Amino acid sequence: MSLRVVFLGTGGSVPTRERGLPAVVIQRSGEQIMFDCGEGVQRQMVKAGCGFHRKMKIFVTHMHGDHVLGLPGLLQTMALLDRQRKLELYGPSGLKRFLECIRETVQFVLTFEVEVHEIKNAGAICEEKDYVVEAAWANHVIPSLAYAFAEKPRPGRFHPEKARALGVPEGPLWSRLQQGRQVRSADGKIVKPHQVIGPSRIGRKIVYSGDTTPFDGMVKLASRADLLIHDATLDDTLAEKASEDGHSTPRQAARIAKKARVKLLVLTHLSARYSDANVLLKQAQKTFRQTDVAEDFKALDLPLQKD
Ligand SMILES: [Zn+2]
Ligand SMILES: [Zn+2]
């Protein structure tokens, strides 16, 4: 199953010619899972070829404008395009009231249901058949969440040759083994699932920090992630200011990535002062080589791990 991560906005606080405001979307199995919803997100979605009618969930990290002001415009665009499917929103408290105020004052009519989940406690906040989204409280100047999207492990691979060798013929007995039940072979011996099925295969994990200073909980949340998308608003020489503003620097993000043993770190939420993001990239790579810098419309395909 393919999984693509598309960066829709990679700047922080104010947009620039090159960077929109924070938004990143995971496209997987016909569904779109978005983290943050910066202003103008619907135009970025048009440019990136994201659909407005798909199954979709949006996870807002915090109520700062650059992360949430895209919602009214996106909802209105979806309504004008006659979206019918429910849209699910997750975020800290305040999200519900924000949407109510917008709907009262701007008075647009929605053509679809919006289900808002305000998150009070960290932990698994959204569980589907084959994935979980976990939230952790980050460390910003207002309450802010970091999110981890993780696919559940897939069952191990079934080996027909092993089943045959153990005297289990193709047919209903194979399905029983695949359901995790033991069976009896042709000569009466018990055959257990682990004898014919390989170990379960781990799924993909993508972690999004939102705005935050480095914090220990992030190492746990991001543990062994395929992709960590982390705040790197200001460069290392401005570490003090970054800390005051509740943000991280490239080196700090890289340390988290290293401790968490992630496969790839992508720096985002870059301050408008950097026209050349290489400065930030180089600082991070000194600590963690597998680092990249997010660019608007950059897309990453994350393959499933083989066996
Ligand atoms: Zn921000
Ligand atoms: Zn913020």
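**Cores and a zinc site**

Author: The largest nonpolar core has 31 residues. V207, M218, L228, V262, L265 and L267 have the most contacts inside it. This is a predicted model, where local features need pLDDT of at least 70, side-chain atom pairs count only at pLDDT 80 or more, and totals for chains, interfaces and linings use all residues. Residues are numbered from 1 along each chain as its sequence is written, and side-chain values use heavy atoms, leaving out hydrogens and water.

Reader: What is a nonpolar core?

Author: A set of buried Ala, Val, Leu, Ile, Met, Phe, Trp, Tyr and Cys residues joined through side-chain atoms within 4.5 Å. Buried means under 20% relative accessible area (1.4 Å probe, protein chains only).

Reader: Which residues is M218 in contact with, leaving aside neighbours within four places in sequence?

Author: Contact means heavy atoms within 4.5 Å. M218 touches A146, V207, S209, L228, H230 and I256 in this sense. A second, separate core of 29 residues includes L75, A79, L95 and L110.

Reader: Which residues are the protein donors of the zinc ion (ligand 1)?

Author: Donors are N, O and S atoms within 2.8 Å of the metal (3.2 Å for Na, K and Ca). Water is not among the atoms, so sites may look incomplete. Here the protein donors are D66 (OD), H67 (NE2), D211 (OD) and H269 (NE2), 2.1 to 2.2 Å from the zinc ion (ligand 1). D211 also bridges to the zinc ion (ligand 2); the two ions lie 3.5 Å apart.

Reader: Are D211 and H269 buried or exposed?

Author: Both D211 and H269 are buried.

Note on methods. Chains are lettered from A and ligands numbered from 1 in the order in which they are written. Buried means under 20% relative accessible area, exposed over 50%, partly exposed in between (1.4 Å probe, protein chains only).
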